[in-house]
Amino acid sequence: MRPPVPVVTLAGCLGAGKTTLLNHLLRHSDARIGVVVNDFGALNVDAGLVRGQIDDPASIAGGCLCCLPDSGDLDAALSRLSVPRLALDVIVIEASGIAEPTALARLVRSTAVGAVRPAGIVEVVDLTACERTLGSTGPHRFAADSLVVLNKIDLLAPAERRAAIERVTSAVRAVNASVPIIETTQGALDPLVLFEPRIRDVVTRQDELPRSESVVHRHPPARSVAVESAGVVDPSALVDLLENPPDGAYRIKGVVTVAGDGSLSRRRYVINRVGRAIHVAPAPGRRAVSRQSLSQIVAIGFGWDEPEVRRRLDQALLGGGPAAPKGVERLQRYCS
Ligand SMILES: Nc1nc2c(ncn2[C@@H]2O[C@H](COP(=O)(O)OP(=O)(O)OP(=O)(O)O)[C@@H](O)[C@H]2O)c(=O)[nH]1
């Protein structure tokens with residue numbers, strides 16, 4: 001059975017650059033991306049931009065997503081896109097510019113579609129329209145965000161830009177202390193930040209991950225560190241990493257073989273941290289990994305101390321004897 005398809009929600013005030021960012025991601029990612037657009041018009045994605053797309057964007061019209069009378073339309077779109085035949089890696093919902101991120105987060109969390117799981121709110125902010133962003137809706141809108149993208153930095157002179165970045169950053173930090181904040185022009189966000197490599201790619205492509213940084217040189221410099229170990233992993237060490245990741249690690253992903261606690265035999269899990277959200281699931285069948293006992297973790301992030309990130313990842317893969325029962329329990333708390 002396929003694990004649930006992650007659903008990333010793209011929010012942001014009208015004209016902030018959501019569509020621009022989405023088009024950028026569609027052009028620069030190899031992931032299989034499904035798109036749900038909640039707009040008053042159609043998503044302006046031409047044939048060239050939908051390269052890598054498996055199906056047409058699902059369009060939800062008739063009003064702002066978070067104001068619709070029920071989640072029926074969203075559920076129908078998510079159902080359609082999460083069918084195994086499409087084999088999507090991720091679904092992106094582009095919300096209308098008037099949707100409230102906190103309401104969107106609730107809506108996605110409460111979907112009745114079991115084949116998907118929430119994977120965070122990415123909020124695009126137009127840096128030239130701080131008054132509008134902070135004034136009309138209030139900074140509480142940032143509380144639900146898992147990533148904030150400060151866009152249109154090209155439109156401000158350096159001094160003005162610094163002041164605007166500081167204002168928005170302090171407003172965001174007041175309600176969401178740990179959310180990563182990234183600056184972009186034309187929504188040029190590194191897709192690695194949002195779209196996890198497929199599980200099997202973590203296995204087969206981990207040496208290639210850093211290379212994508214130089215290929216997509218216009219992106220903010222996302223970094224990745226990958227580690228692996230042949231032994232079984234102590235679940236407590238793993239949960240310590242997930243709950244308290246190294247500074248700058250926005251995303252952590254891995255397939256791990258976890259030690260049992262005596263009564264339980266060892267098991268394999270897919271671990272995933274996006275922003276602050278942690279998700280753990282039993283690993284799908286043999287297809288996902290080439291060597292059954294190998295444990296692998298990839299971290300993706302910005303502005304970090306790489307040796308320290310590597311040290312923390314290695315530490316999480318340190319195994320040992322049977323796990324303390326509490327460790328297994330802690331890990332399973334994050335299982336859906
Ligand atoms: N100069 C500049 N223009 C940008 C940037 N990002 C987006 N734009 C322009 O801003 C306008 C609005 O961008 P969209 O991507 O359509 O914004 P949106 O958030 O999808 O808009 P709504 O659907 O109305 O909410 C377009 O004309 C974009 O070309 C940027 O970083 N710099």
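Let's start with Asn-23, which sits in helix H1 (residues 18-28); helices here are DSSP runs of H or I with at least four residues, strands are runs of E with at least two, and both are numbered from the N terminus. Asn-23 is buried, as 20 other C-beta atoms lie within 10 Å. A residue counts as buried if 20 or more other C-beta atoms lie within 10 Å of its own, as exposed if 12 or fewer do, and as partly exposed in between, with C-beta atoms placed from the backbone. Asn-23 and Ala-188 are 165 residues apart in sequence, yet their C-alpha atoms are 9.4 Å apart in space.

A word on what you're looking at: this is a predicted model, where local features need pLDDT of at least 70, side-chain atom pairs count only at pLDDT 80 or more, and totals for chains, interfaces and linings use all residues. Residues are numbered from 1 along each chain as its sequence is written.

Now the confidence. The pLDDT, the predictor's confidence in each residue from 0 to 100, averages 77 for the protein, and 75% of the residues score at least 70. The model's ipTM is 0.99 and its pTM is 0.71. Two stretches with pLDDT below 50 are listed here, with contacts meaning C-beta atoms, placed from the backbone, within 7 Å.

| Stretch | pLDDT | Contacts |
|---|---|---|
| residues 40-52 | under 50 | 22 contacts beyond four places in sequence |
| residues 197-220 | below 50 | 39 contacts beyond near neighbours in sequence |

Zooming out, the protein has eleven helices and twelve strands. Of its 336 residues, 44% count as buried.

What about the inside? The largest nonpolar core has 86 residues, and Leu-10, Ile-91 and Leu-238 touch the most other members. Such a core is a set of buried Ala, Val, Leu, Ile, Met, Phe, Trp, Tyr and Cys residues joined through C-beta atoms within 7 Å. Leaving aside neighbours within four places in sequence, Leu-238 is in contact with Val-233, Val-256, Val-258, Ile-271, Ala-316 and Leu-331.

Finally, have a look at helix H5 (residues 158-175). Ala-164, Val-168 and Val-172 are buried in H5. The face turned away from that buried side carries exposed residues, including Pro-158, Arg-162 and Glu-166.
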